[in-house]
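Open the model in a viewer and keep the sequence panel beside it. The stops below are given in the order in which to select them.

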Amino acid sequence: QPTSLGTVLVHGYQKIDRDLVQANMRSSIEKQLNLIAAGKADYEAVLQHTISTFEAKFTYFKEQIDNMDQLFEVTFSKLAESGRPLSRCGKCRHYMKYISAKPQRLYCTHCDETYSLPANGAIKLNKEIKCPVDNFELVLWSAGGRGKTYSLCPLCFNHPPFDGMKRASPCIRCSHPTCAQSPAKLAVAACDECEDGSLVIDPNSGPKWKMFCNSERCNVLLHLYQ
């Protein structure tokens, strides 16, 4: 029976770098060793390549260590008990707990998975709307009545499903062609103040409708009806 510590470590490795807990990395090294033994590969070249690979992985792991800290915090502290049910997990359909303590996140106790959320805003359920990609219930992030408000899928936000989609992208930057929360349905025009943004309607702002630029670097926000 795996211990809680072992389970958290494996989940943390999977979240940061799956290669660290999968057999393909060890298999690759063993193949290189066999080539050395057969005289088909140079020992020093294989050694330096392996060292550089693990140095790069170690550096990346250090940069992403907050993901491991979050899993330890949820499992070995009272945060797992203090969270409140908010939205359903698309994998198991159980309610995930919203943990408002920084860094705020969603935690599925059934799957033992943690999903990071954007900071500096309020989080609430978005009318039980489900993501068409993974069936997770969407949540709303809001900077307040005078700021931006947008939907996000907890899984897509942490693990982008489409090529070219950056991590930590909400629905307004998703390339899904038919989702009602994506630019395909909400975009009105290109933003004049930045190079890569589009003006999107906030579908939750009625009757005082507003639209804003979906670029993470642009702060354009227009109130259509005051």
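This is a predicted model: local features need pLDDT of at least 70, side-chain atom pairs count only at pLDDT 80 or more; totals for chains, interfaces and linings use all residues.

Residues are numbered from 1 along each chain as its sequence is written, and side-chain values use heavy atoms, with hydrogens and water left out.

Select residues 122–130, which are strand 5; strands (E, at least two residues) and helices (H or I, at least four) are DSSP runs numbered from the N terminus. Together they form an open antiparallel sheet in the order 5-6-7, where pairing requires at least two DSSP bridges between two strands.

Next, select Lys57 in helix 3 (residues 43–63). Lys57 forms a salt bridge (side-chain nitrogen of Lys or Arg within 4 Å of a carboxyl oxygen of Asp or Glu) with Asp17, at 2.8 Å between the closest N and O atoms. Asp17 lies in the loop between helix 1 (4–16) and helix 2 (23–37), so the pair ties together parts 40 residues apart in sequence. A salt bridge also joins Lys57 to Asp19, at 3.2 Å from N to O.

Colour these residues by relative accessible area (buried under 20%, exposed over 50%, partly exposed in between; 1.4 Å probe, protein chains only). Lys57 is buried at 15%, Asp17 is buried at 11%, and Asp19 is partly exposed at 27%.

Finally, select Arg217 and Asp196, a salt bridge with its closest N and O atoms 2.6 Å apart.
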